[in-house]
Amino acid sequence: MIKGKKIAIVTGATGGLGREFVRLLLKEKNVDEIWALARNEKKLSRLKEKFGKRIKIYSIDLSSVRQIKCFGEELHEEAGRKNLEISYLVNNAGFAKFCSYGDLSVEESLNMMHVNMDAVVAMGLVCIPYMKKGSHMINIASQASFQPLPYQNIYSSTKSFVRNYSRALNVELKEKGICVTAVCPGWIKTDLYKRAEIGARKATTKYVGMVTPDKVAKKALKDAKKCKDISIYSLFTKISHIAAKLLPQRMMMKIWLKQQNLDDE
Ligand SMILES: NC(=O)c1ccc[n+]([C@@H]2O[C@H](COP(=O)([O-])OP(=O)(O)OC[C@H]3O[C@@H](n4cnc5c(N)ncnc54)[C@H](OP(=O)(O)O)[C@@H]3O)[C@@H](O)[C@H]2O)c1
């Protein structure tokens with residue numbers, strides 16, 4: 001029998017957190033190749049230059065179901081040719097906008113939902129058939145999933161979806177021996193803010209407890225290997241998690257608004 005090729009798929013691989021997953025997954029024994037997905041071709045090429053020939057790059061807009069289906073067809077063909085197995089699927093691509101509900105067009109609002117939620121579901125459905133016992137799906141949610149966040153209302157809602165969806169899917173996939181982990185980081189030092197800060201009158205501006213992406217990715221991978229359904233890095237984020245369980249959501253929103261100096265109008 002031909003030895004199968006074991007791959008890891010990382011979406012948003014060119015971003016701060018995605019790149020760290022690529023770096024770490026290259027060291028894994030059960031990963032022969034990493035398929036790196038994002039839109040920007042130049043950044044993808046730079047990623048390949050940096051990490052070498054075990055990286056296969058795909059320029060794809062994950063807000064498009066059509067493009068995800070095309071990717072699925074390519075995966076199917078490749079799987080047929082090379083007896084492919086997906087050891088890791090890291091659904092990491094995502095973005096935020098720090099503003100009020102009325103600062104975004106209908107298209108911009110829905111685009112965030114497509115990338116942050118729909119793509120996670122679609123990529124999962126496309127990839128699960130090639131995942132085996134011991135494979136991992138790592139879905140990047142956020143600390144923003146713990147409670148409703150005014151002035152990040154869509155972003156926090158999309159991340160709540162990712163967290164709940166991942167944990168429920170983890171239960172369903174137990175029979176196949178596939179683990180799903182929802183990663184819930186607090187503020188991470190990445191380029192997310194370049195896209196999120198749009199100069200809105202009312203917006204998030206205080207980034208308490210910011211950490212570097214390498215730490216988040218390392219903890220996420222460690223937790224995934226233990227088949228934990230949720231991964232939280234840093235004491236600050238863990239405390240927020242507990243607080244969100246104990247305190248009424250209305251109170252959590254008030255604390256958030258106060259912390260962000262958004263409670264004065
Ligand atoms: N930074 C934080 O404070 C923080 C906190 C909690 C959770 N997170 C989550 O962590 C994940 C990674 O974000 P990051 O902080 O590393 O941000 P980042 O540096 O901006 O990276 C985002 C990545 O997603 C890709 N991406 C964005 N839109 C895409 C689309 N339509 N199609 C395909 N790829 C797309 C980007 O590449 P292209 O632009 O080339 O497509 C990039 O590779 C996100 O899900 C984010 O919500 C971040």
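I began with the largest cavity, whose volume is about 60 Å³. The model is predicted, so I note its limits: local features need pLDDT of at least 70, side-chain atom pairs count only at pLDDT 80 or more, and totals for chains, interfaces and linings use all residues. Residues are numbered from 1 along each chain as its sequence is written, and side-chain values use heavy atoms, with hydrogens and water left out.

**Cavities**

I searched the whole structure and found three cavities of 30 Å³ or more. A cavity here is a set of points, on a 1 Å grid over the protein atoms alone, where a 1.4 Å probe fits but cannot get out; lining residues have an atom within 4 Å of a point. Grid points are joined across faces, edges and corners, and a volume is the space filled by probe spheres set on the points.

I listed the lining of the largest cavity: Lys97, Cys99, Ser100, Tyr101, Leu104, Met112, Tyr151, Gln152, Asn153, Ile154 and Tyr155. Helix α5 (residues 153-172) gives the largest share of this lining, three residues. Helices (H or I, at least four residues) and strands (E, at least two) are DSSP runs, numbered from the N terminus. By class I recorded seven nonpolar, three polar and one charged residues in the lining. Ala, Val, Leu, Ile, Met, Phe, Trp, Tyr, Cys and Pro count as nonpolar, Asp, Glu, Lys and Arg as charged, and the others, Gly among them, as polar.

I then looked up two of the lining residues. Cys99 is buried, with a relative accessible area of 3%. Buried means under 20% relative accessible area, exposed over 50%, and partly exposed in between (1.4 Å probe, protein chains only). Tyr151 is also buried, at 18%, and is found in the loop between β5 (131-140) and α5. Its phi is positive, about 75°, although Tyr151 is not a glycine.

**Cysteines**

How many disulfides are there? I counted one, taking a disulfide as a pair of cysteine sulfur atoms within 2.5 Å. Cys179 and Cys227 form it, with their sulfur atoms 1.9 Å apart. The link of Cys179 and Cys227 is right-handed, with 70° about the S-S bond. The pair joins distant parts of the chain, 48 residues apart: Cys179 lies in strand β6 (residues 179-183) and Cys227 in the loop between α7 (213-225) and β7 (230-231). Cys179 is buried at 9% relative accessibility, whereas Cys227 is partly exposed at 35%.

I found strand β1 (residues 5-11) mostly covered, with five of its seven residues buried. Two strands pair if DSSP finds at least two bridges between them. Lys5 has Leu84 as its bridge partner in β4, and Val10 stands opposite Ala36 in β2.

**Around β4**

I noted Asn83 in the loop between α3 (65-82) and β4. Asn83 has a positive phi, near 50°, in a residue other than glycine, and is partly exposed at 31% relative accessibility. Phe95 is found in the loop between β4 and α4 (106-127) and is buried at 4%. Phe95 and Gly12 are 83 residues apart in sequence and 9.8 Å apart in space, C-alpha to C-alpha.

Terms used: 1 Å grid on protein atoms, 1.4 Å probe; cavity = no way out; pocket = protein on both sides within 12 Å on 5 of 7 lines; lining within 4 Å.
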